[in-house]
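Me: Got a model to go through with you. Can we take it piece by piece?

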Amino acid sequence: MADIDIPESLIALERAAWAEQQAGALTVETAAAVQQAYTEHAVAKGLSRYEVERATKRLVRHPEPEPEA
């Protein structure tokens, strides 16, 4: 998968949605906000909304370990 530039605002929305989901408290408002952000970013960058969502979720839910110094 090609690298996708994901803005911090979208990462923050996904983190909030993921935290709510894990707590069993995901709201319609949070879910709708993150989906709208995926769509807007995808349209603005000429990307697939699916690919933006997938890349963002991968970044938030399965972060790469920090390299040891």
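Me: Where does E53 lie?
Reply: In helix 3, residues 49-61. Helices here are DSSP runs of H or I, at least four residues, numbered from the N terminus. This is a predicted model: local features need pLDDT of at least 70, side-chain atom pairs count only at pLDDT 80 or more, and totals for chains, interfaces and linings use all residues. Residues are numbered from 1 along each chain as its sequence is written, and side-chain values use heavy atoms, with hydrogens and water left out.

Me: E53, buried or exposed?
Reply: Buried, because its relative accessibility is 12%. Buried means under 20% relative accessible area, exposed over 50%, partly exposed in between (1.4 Å probe, protein chains only).

Me: What is E53 in contact with, leaving aside neighbours within four places in sequence?
Reply: Q35 and Y38. Contact means heavy atoms within 4.5 Å.

Me: Switching to helix 2. Which residues are buried there?
Reply: T30, V34, A37, Y38, H41 and A42. They sit on the same side of helix 2, because they cover an arc of only 125° around the axis. That arc is taken from the directions from the helix axis to the C-beta atoms.

Me: What do they pack against?
Reply: Helix 1 (8-22) and helix 3.

Me: And which exposed residues are on the face turned away?
Reply: V28, E29, V43 and A44.

Me: What follows helix 2?
Reply: G46, with a positive phi, near 70°.

Notes:
Helices (H or I, at least four residues) and strands (E, at least two) are DSSP runs, numbered from the N terminus.
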